Amino acid sequence: MISLCRTCEFEFQDDGSCPRCHSPLVIAHPELNQFTIAHVDCDAFFASVEKKLNPSLQDKPVIVGFGQRGVVSTACYIARIKGVKSAMPMYKALQLCPEAVVVKPRLNTYTPISKEIKKIMLHLTPSVEFVSSDEAYLDLGGRFSAHKKNPALLLVKLTKRIESELGLTVSVGLSYNRYLAKIASNLNKPKGFAVIGKSEIETLLPSFSLRVIPGIGKTFLKTLNCQGLYTIADIKALSQEELEERFCSTGARLWHVARGIDFQKQKTSRSIQSISNETTFSVDLSDLAQLEGHAWRLLVKVSDRAKKKKCVGKTVILKLKKTNHTVLTRQMTLHIPTNLASQLFPVVQSLLKKTHEQGPFRLLGVGLKDLIDETTVHHHELLLSPLEKLEIKAELVSDSIRKKYGADALISGRALK
């Protein structure tokens, strides 16, 4: 048995506590030095950042999210003990944990810290695929020759560096593919480090609920449960042909993951397919002017993100959620792809005018999809009216002012509705 102490980094051949420092924080596995794929996930990232910046919250249950009408973005582990989960309606979370401190998300605060975490990861290996602001897959194959240390030890050092420099903890999963590494990182949160090897495919994996499989959401999980499938063992008992007959191509994937096989290759850069933003109102709205004001503010954020990514979109999306939680989605394809808010807004206005009478609405969202590189699109200035040219020029000037002096340095009259 190969063991590694997470406290003093001593490697030894035995089970139990570290013989050097007597720490119980030991990683032990016969294949430990053979694994190269890791999933690193920050522990309750948003809530942890809030506690780091406000030490008075340290021993309190903290929920990051919006008011009674919103959903939980992140909950600290004290709140999670009470049953609070991400994406849970806020009113339900507060029923479970009424003493919780609710903090509104502050993306401008979290983003710089996320960038620092990413910088630390990239210092370890260039083979990093970031899947969100606080989690990533790392391929450490070949890093031994560069660092003269095995992947498990490199990851221990990584967790220590993030904690010492940023005051945040992460959980690590280590295995021979992404799927198993992702499962492993969730086994011992917070501040966990778990390993899944080939022996666990037969002994540990079958007992897991199907909810641990990445990509299985609540709706599909209900479909699986309705067919009597609750654990990975239930999936493993079926043939590939039967699973494909029930679930088409997803059935083939289920057959493979039940056996610890994941054919998905790691990408070091992910191409985004859409950009969107939404808001939940404190009071249901049906007034067109107010809805347009909210749509404009959201569109500016979508536009800013698209410009930052240097991409333009072919399709504009409008999302509205009614009081009874019925969701209405409308979209329109553009003749010329764009990322300019001034050109996107008339499209959203048109979609709103056709839909707003079905309100009142509790949520509004706008988005841009079918994204392509902005350099592949040429705006035909000869086809633009003088007013359109002025609007584009004004928006670009506004962008430069907001970039220099902050997002609230210049506010359009539309945003005041």
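Guide: Start with the idea of a nonpolar core. It is a set of buried Ala, Val, Leu, Ile, Met, Phe, Trp, Tyr and Cys residues joined through side-chain atoms within 4.5 Å. Buried means under 20% relative accessible area. One more point: this is a predicted model.

Visitor: Which residues of the largest nonpolar core touch the most other members?

Guide: Phe45, Ile63, Ile117, Leu138, Leu155, Leu158 and Leu174 do, in a core of 53 residues. Helix α6 (residues 151-166) gives the largest share of this core, eight residues.

Visitor: What is Ile63 in contact with, leaving aside neighbours within four places in sequence?

Guide: The contacts of Ile63 include Val72, Ala79, Met90, Leu94 and Val103. Click on each one and look.

Visitor: How confident is the prediction?

Guide: Look at pLDDT, the predictor's confidence in each residue, from 0 to 100. Here the mean is 86, and 86% of the residues reach 70 or more. Residues 378-384 stay under 50. For that stretch the model has ten contacts beyond four places in sequence.

Visitor: Now the sheets. How do I read one?

Guide: Strands of a sheet pair through backbone hydrogen bonds, either parallel or antiparallel.

Visitor: In what sense do β10 and β11 pair?

Guide: β10 (residues 170-175) and β11 pair in the parallel sense, over three bridges. Find Leu174: Val195 in β11 stands opposite. Leu174 is also one of the core residues that touch the most other members.

Visitor: Where can I see an antiparallel pair?

Guide: Go to β13 (residues 311-322) and β14 (residues 327-338). They pair in the antiparallel sense over eight bridges. Thr315 stands opposite Thr333 in β14. The two strands form a hairpin with four residues between them. In the turn, His325 has a positive phi of about 75°.

Visitor: Which other residues have a positive phi?

Guide: Glu9 and Cys248 are two to check. Glu9 has a positive phi of about 65° although it is not a glycine. Glu9 sits in the loop between β1 and β2. Cys248 is not a glycine either, and has a positive phi of about 55°. Cys248 is in helix α11.

Visitor: Is Cys248 buried or exposed?

Guide: Exposed, at 55% relative accessibility. Glu9 is partly exposed, with a relative accessible area of 23%.

Visitor: How do I read a pair of aromatic rings?

Guide: Check the distance between centres, then the angle between planes. Planes over 60 degrees apart count as edge-to-face. The count here comes to six aromatic pairs. Phe220 and Phe247 have ring centres 5.6 Å apart and planes at 85°, so the pair is edge-to-face. Phe220 lies in helix α9 and Phe247 in helix α11, so the pair ties together parts 27 residues apart in sequence.

Visitor: And another pair?

Guide: Trp296 is in helix α12 and Phe345 in helix α13, 49 residues apart. Both residues are buried. There is also an aromatic cluster, formed by Phe45, Phe46 and Tyr110.

Visitor: Where are the cis peptide bonds?

Guide: The bond from Lys189 to Pro190 is cis, with omega near -10°. Pro190 is in the loop between α7 and β11. A cis bond also joins Gly359 and Pro360, with omega about 10°. Pro360 is in the loop between α13 and β15.

Definitions and conventions: Residues are numbered from 1 along each chain as its sequence is written. This is a predicted model: local features need pLDDT of at least 70, side-chain atom pairs count only at pLDDT 80 or more; totals for chains, interfaces and linings use all residues. Side-chain values use heavy atoms; hydrogens and water are left out. Contact means heavy atoms within 4.5 Å. Two strands pair if DSSP finds at least two bridges between them. Buried means under 20% relative accessible area, exposed over 50%, partly exposed in between (1.4 Å probe, protein chains only). Rings of Phe, Tyr and Trp (its six-membered ring) pair if their centres lie within 6.5 Å; planes under 30 degrees apart count as stacked, over 60 as edge-to-face and the rest as tilted.
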